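Please keep the model in view while reading.

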Amino acid sequence: MIESEDEISAPLIHNAQNASSSEQVENSPVEQVALTVPPIDDTTLPVVTFRMWVLGAAACVLLSFLNQFFWYRREPLSISAIPAQIAVVPLGHLMAAALTRRVFFEGQKWEFSLNPGRFNVKEHVLITIFANSGAANPYSIHIITAVKIFYRQRLTFLVSLGVVLTTQVLGFGWAGLLRRYLVEPASMWWPQNLVQVSLFRTLHEKEVRARGALIRNQFFLIAFICSFAYYVFPGYLFPKLTSISWLCWIFSSSVLIQQLGSGLHGLGIGAIGLDWSSISSYLGSPLASPWFATANIAVGYFLCMYVVTPIAYWLNVYKSKTFPIFSDDLFTSDGQKYNISAIIDSNFHIDLQAYEREGRLYLSTFFAMGYGFSFACLTATIVHVLLFHGRDLWLLSKSAFKEKQMDIHTKLMRNYKQVPEWWFLCVLSVNIVGTLLLCHYYNDQLQLPWWGVLLACGLAFLFTLPIGVITATTNQTPGLNVITEYIIGYLYPGYPVANMCFKVYGFISMKQALVFLQDFKLGHYMKIPPRTMFMAQVVGTLISSLVHLGTAWWLMDTVPDICDRAALPKGSPWTCPSDHVFYDASVIWGLIGPERIFGDLGYYSAVNWSFLIGAVAPVLVWVATKAFPNQEWVRLISVPVLLVSIIQMPPATAVNYNSWIIIGFLSGYVSYRYYRDWWSRHNYVLSGALDAGLAFMGVFLYLCLGMEHISLDWWGSTTDGCSLASCPTAKGIVVDGCPVF
């Protein structure tokens, strides 16, 4: 496709180079999309049907319950929409065969039928949109867990419901205002959607089998059965497959070697996981990641994990040797766990005298370096988008109200009524007013002042576009969580719940907007009427919020000592890794405040130089692209993706990244480059099959064995096996279970 002045370009991706110009006009300029998404539409297919409502709502409820149920576990089983996408197919066909085709209120305005004909792909897509709503865990549940479980303070169900609903729905406004930038341009291709598009085609299109080859349906079924059968080993019989840290097995008494080799508590040298749940649980499917994004993540991970962290630790920067090299815990100056409850007064505010008695709060080496990468990522995202995409976004803004050259998918979508922007603005306005009232009338529980709500909304809107550009082209999302904590921590220190609420309203409304935009792009690829998509997203989000909160509340009331690692019985899965990290962040940024940790009164003030480093790095890459225009690899360097690489650590660990990078290399580079035909037919189908098999077996194991507390106790039952990896190495530091140097 020939670029015009009014067309957004794609400096981060490869365009199809081997197609003729006439072919390119009728297909996407992004080769991965052209190979996966059919450039056709059937406008006669019914979309909003009785089957869609029943199966969509059921899928949303079930996935919401299961994902929240497994979220508190040590290895959180994140069930994507793909299992539901598969399971509803026979149910849809059954309903099409069994339900009456009688037309009710025939000839009237409200005419409808329970069975308009064959179960079709567009109904299926809408059901999947409902399922997507249930597959995403509301981040605001972390607030409820932190207040009720960790701080042991009062937070009513009504207030909790208000927080969950307002944070989930707030992103609709941002999504509606930014569709023209992040959905319509072909260069905003949202790689993760190609997995679901490929699966839809597998489930609905008839395919002629080539001699000696498998059609997509056969390949999916074989891969699904293998994934389902295999997960019984890492999921129950042999959990050590989750993290094979073989160095620890050889050097069972060496702290140094276990620090280097532990996949869960150390640097993970040589550690690998043969468990799809550990591979895809934090970074998503490596099969859906473009190779250039995988390479950037690998470089960033290597720099942080194997260059910056070891140097800082063995030079004893920030007293590093007094603490574990990799941990999400908070420590005192002598390496002991920090007693947070001792520095909270009766008004749920920091007690400064008690804080002086307890002393400074310290972080593990990797935790501190990880914050530095997060600081740098924020400024790098802004500068990168301005340099590499700024001109394109400006031209797109100028051409928003006139015809511009479009790819085939955008042309086909113009056949449907678009969602008016005032719909999104109404949802946004009502939601902001509701949030202001909620925080005002229940300020004793939420602590966030009215100006904090407005500031959080402003930050979310400001960053949704630049972060959306990165997500839409690389499948990786830089987070706003750290900068939101930093800002409110300085402006309103000593109030941990206010800090958590500000972070959720500032970060999650942006993240939720990206979820809606990604779903809009899925509907764009599958030619779903935009107004119907809007309806499915709103209803699905409301259902999901209610079920997620209800499930979390039930678990917190029924599971003894949930999230309390010290009180839980040995081997208990209810350790809540993500909630621990969220709670620690609320202590660092909210209760104690950034000034006492990263500011003038803190021990880690030098980490703030990361903001400058992050701003400068994209400029160097941009200059390099101008100086060496023929060097393709220079153009593919993405500093935000490189820096965002370790944003999931902790709770993600080295073994999650090692295995993810290896699979990403085999898929995105080896298979895509040398086995293009196989990749185009089977890569995304394989990703969906692995997800589905894992999810079904994971649920099956819990229902049959986990609920009955039937477990095995042998050498292979313990993950990692690196008990000394978390030990300090400073002289004279005494920690239970560790040698004293």
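In this predicted model, helix 9 (residues 193-204) packs with helix 23 (residues 496-526) at an angle of about 35 degrees, and their axes are 10 Å apart. The crossing of helix 9 and helix 23 is right-handed.

Which residues in helix 9 and helix 23 meet? From helix 9 come Asn193, Leu194, Gln196, Val197 and Phe200, and in helix 23 they meet Gln518, Lys521, Leu522, Tyr525 and Met526. Sorted by class, this contact of helix 9 with helix 23 has six nonpolar, three polar and one charged residues.

Attention now turns to the aromatic rings. Over the whole structure, a search finds 56 aromatic pairs. One of them is formed by Tyr301 and Tyr657: the ring centres are 5.1 Å apart and the planes stand at 15 degrees, so the pair is stacked, given that planes under 30 degrees apart count as stacked. Tyr301 belongs to helix 15 (residues 291-314) and Tyr657 to helix 29 (residues 654-674), so the pair ties together parts that are 356 residues apart in sequence. Tyr301 and Tyr657 are both buried.

Phe375 and Tyr486 provide another example. Their ring centres are 5.4 Å apart and their planes are at 75 degrees; because planes over 60 degrees apart count as edge-to-face, the pair is edge-to-face. Phe375 is found in helix 17 (residues 365-398) and Tyr486 in helix 22 (residues 481-491), so this pair ties together parts that are 111 residues apart in sequence.

Are Phe375 and Tyr486 buried or exposed? Buried means under 20% relative accessible area. Phe375 has 1% relative accessibility and therefore counts as buried, and Tyr486, at 10% relative accessibility, counts as buried too.

The buried residues in helix 22 are Asn481, Val482, Ile483, Thr484, Glu485, Tyr486, Ile488 and Gly489.

Lys240 lies over the face of Trp715, at 4.8 Å from the ring centre. Arg676 lies over the face of Tyr672, at 4.0 Å from the ring centre.

How values were computed:
Residues are numbered from 1 along each chain as its sequence is written. This is a predicted model: local features need pLDDT of at least 70, side-chain atom pairs count only at pLDDT 80 or more; totals for chains, interfaces and linings use all residues. Side-chain values use heavy atoms; hydrogens and water are left out. Rings of Phe, Tyr and Trp (its six-membered ring) pair if their centres lie within 6.5 Å; planes under 30 degrees apart count as stacked, over 60 as edge-to-face and the rest as tilted. Helices (H or I, at least four residues) and strands (E, at least two) are DSSP runs, numbered from the N terminus. Buried means under 20% relative accessible area, exposed over 50%, partly exposed in between (1.4 Å probe, protein chains only). A charge sits over a ring if NZ of Lys or CZ of Arg is within 6 Å of the ring centre and within 35 degrees of the ring normal. Axes are lines fitted to C-alpha atoms, for helices over the stretch in contact, and angles run from 0 to 180 degrees between N-to-C directions. A crossing is left-handed if the near helix is turned anticlockwise from the far one by less than a right angle, and right-handed if clockwise. Contact means heavy atoms within 4.5 Å. Ala, Val, Leu, Ile, Met, Phe, Trp, Tyr, Cys and Pro count as nonpolar, Asp, Glu, Lys and Arg as charged, and the others, Gly among them, as polar.
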